[in-house]
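Have the sequence and the 3D view ready.

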Amino acid sequence: MKNVLILVGALVISGVTFGQCNEKKRFTTGFNLGVNHANLLLDDATQGTLDNGIGLRLGLISDFAFSNRFSLQPKAEVAFNNIKFRDGVQNIAVNPANLELMTHLKVRVKTKPSSFYFLAGPNLSIPLGNNQNALLTRNDVALDLGAGFDLGIGKIRISPELRYSIGLTNLSQSENLSDLHFHNVSLLLNFAKKPRL
């Protein structure tokens, strides 16, 4: 887990450094906001039931363009999730809020200002809401896959994006709960400056 944090930090710092040194403005920043639908999976249904719901998401994004078609996108997003675990006695919140650090490789279909794109990359999710009213969870590593559309308007790029995050680790710290995996679907609107290549 420590190695993943170091790798994500190094990618973000290198992107910022390259962006500041390059006169062509290959490095741009922006923000995003949207909604996400949690899809927490519990392998053993006898342990309880899950109620997945819709939450909000917002974050800061950056983009280092290698060319008109390829770029690396470090992102930091806060996700507010609406998930309840029912063990037959009480309802317990699961991951009410997460800080997600991700680095996506973005591939645009065309080199024009407006184009469809695909993305993929790792996602490190750090729970922010582990308190007495929430199920204790640990950091999660996920794989993000997504698609979107860049719409160039003047110097601004607006990009609606659909992303699916596949949780790869067991979230639960409880001995009574095993194989708890967090997946989610996010629908986002990204706002950023267009890079000059």
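Is Asn95 buried or exposed? Asn95 is buried, because its relative accessible area is 3% (buried means under 20%, exposed over 50%, partly exposed in between, with a 1.4 Å probe and protein chains only). Please keep in mind that this is a predicted model, where local features need pLDDT of at least 70, side-chain atom pairs count only at pLDDT 80 or more, and totals for chains, interfaces and linings use all residues. Residues are numbered from 1 along each chain as its sequence is written, and side-chain values use heavy atoms, without hydrogens and water.

Asn95 sits in the loop between β6 and β7 (97-108); strands are DSSP runs of E, at least two residues, numbered from the N terminus. The Asn95 side chain makes a polar contact with that of Thr137 at 2.6 Å (N or O atoms within 3.5 Å, one able to donate a hydrogen and the other to accept it; residues adjacent in sequence count only if both atoms are side-chain atoms).

| Residue | Contacts |
|---|---|
| Val94 | Leu40, Ile83, Phe85, Leu135, Thr137 |
| Asn95 | Asn81, Pro127, Thr137, Leu171 |

Val94 belongs to the largest nonpolar core, which has 11 residues, including Leu40 and Phe85 (buried Ala, Val, Leu, Ile, Met, Phe, Trp, Tyr and Cys joined through side-chain atoms within 4.5 Å). β1 gives the most to this core, 3 residues.

Turning to strand β3, Leu58 is found there. Leu58 is partly exposed, with a relative accessible area of 46%.

How values were computed
Helices (H or I, at least four residues) and strands (E, at least two) are DSSP runs, numbered from the N terminus. Contact means heavy atoms within 4.5 Å. Lists of a residue's contacts leave out its neighbours within four places in sequence.
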